[in-house]
Amino acid sequence: GGPGDNTYDDPAIALILDPGGNDTYTNVAGVDGAAGRPLALVIDAAGNDRYVGTQPFTLGGASLGAAVLVDAAGDDTYTGTLVTQGAAAGGGALLLDLGGTDTYTAERHAQGAALGGIGVLIDREPEGGPAEAGRDQYRVVCFGQGFARTNGVGLLLDGHGNDHYTAGGAYPYIPQAPEHHYAHAQGFAIGVREQGFAGGIGMLVDVAGDDTYTVE
């Protein structure tokens with residue numbers, strides 16, 4: 001890409017390098033090895049970018065492959081659905097954001113989540129940055145923010161800022177009582193009881209800041 005405001009919307013693209021601008025990415029930076037897309041890498045150097053995932057396995061989401069999304073600077077917005085924002089199902093996934101005040105919103109299996117693989121979301125600020133930077137917002141319905149199932153390692157690591165983490169909301173087969181929902185999020189691991197499979201390793205690590213956690 002170039003230094004202007006670019007748009008990328010082809011899921012088949014395996015490599016995107018963008019030097020700057022307020023860019024829009026739709027359904028990229030994801031892999032599905034079963035569909036013949038085993039590798040994907042996106043690097044954006046600067047700008048207030050929008051990452052939109054309306055399909056599974058996008059925006060740093062991987063199935064039977066490796067997906068990496070790196071955003072070096074800017075106040076970015078990430079919106080996804082399933083297996084997204086540093087989430088893996090039988091593969092490896094990394095979303096690395098290195099600056100700015102960012103917003104992450106996803107439905108499920110997102111934001112550092114893994115089943116039979118490794119899913120990582122890292123949001124870091126540069127050393128010596130302004131104190132008001134990095135006030136990130138994380139929102140997921142379920143299975144996220146450091147979540148792992150069998151043979152999975154899920155990590156959400158935030159390095160700076162007064163952040164807000166929210167997990168929960170109605171989802172058809174999760175409610176076990178009319179007044180409650182179970183988010184399975186924020187450093188959570190669970191297995192499969194019927195088959196006797198143990199859970200994985202789920203971690204939410206926030207290094208600094210006055211943070212707020214809300215979870216059902």
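I started with Ser 63, which counts as buried because its relative accessibility is 10% (buried means under 20% relative accessible area, exposed over 50%, partly exposed in between, with a 1.4 Å probe and protein chains only). The model is predicted: local features need pLDDT of at least 70, side-chain atom pairs count only at pLDDT 80 or more, and totals for chains, interfaces and linings use all residues. Residues are numbered from 1 along each chain as its sequence is written, and side-chain values use heavy atoms, with hydrogens and water left out.

I placed Ser 63 in strand 7 (residues 61-63); helices (H or I, at least four residues) and strands (E, at least two) are DSSP runs, numbered from the N terminus. Leaving aside residues up to four places away in sequence, I found Ser 63 touching Val 31, Asp 32, Gly 33, Phe 57, Ala 89 and Gly 90 (contact means heavy atoms within 4.5 Å).

Next I checked strand 15 (residues 118-123): five of its six residues are buried, so the strand is largely enclosed by the rest of the structure. Strand 15 pairs with strand 12 (residues 92-97) in the parallel sense over six bridges; two strands pair if DSSP finds at least two bridges between them. There I noted Leu 121 as the bridge partner of Leu 95. Strand 18 (residues 153-158) also runs parallel to strand 15, joined by six bridges, and Val 120 stands opposite Leu 155.

Last, I looked at backbone angles. Asn 27 is not a glycine, yet has a positive phi of about 55°. I located Asn 27 in the loop between strand 3 (24-26) and strand 4 (30-32), and Asn 27 is buried at 8% relative accessibility.
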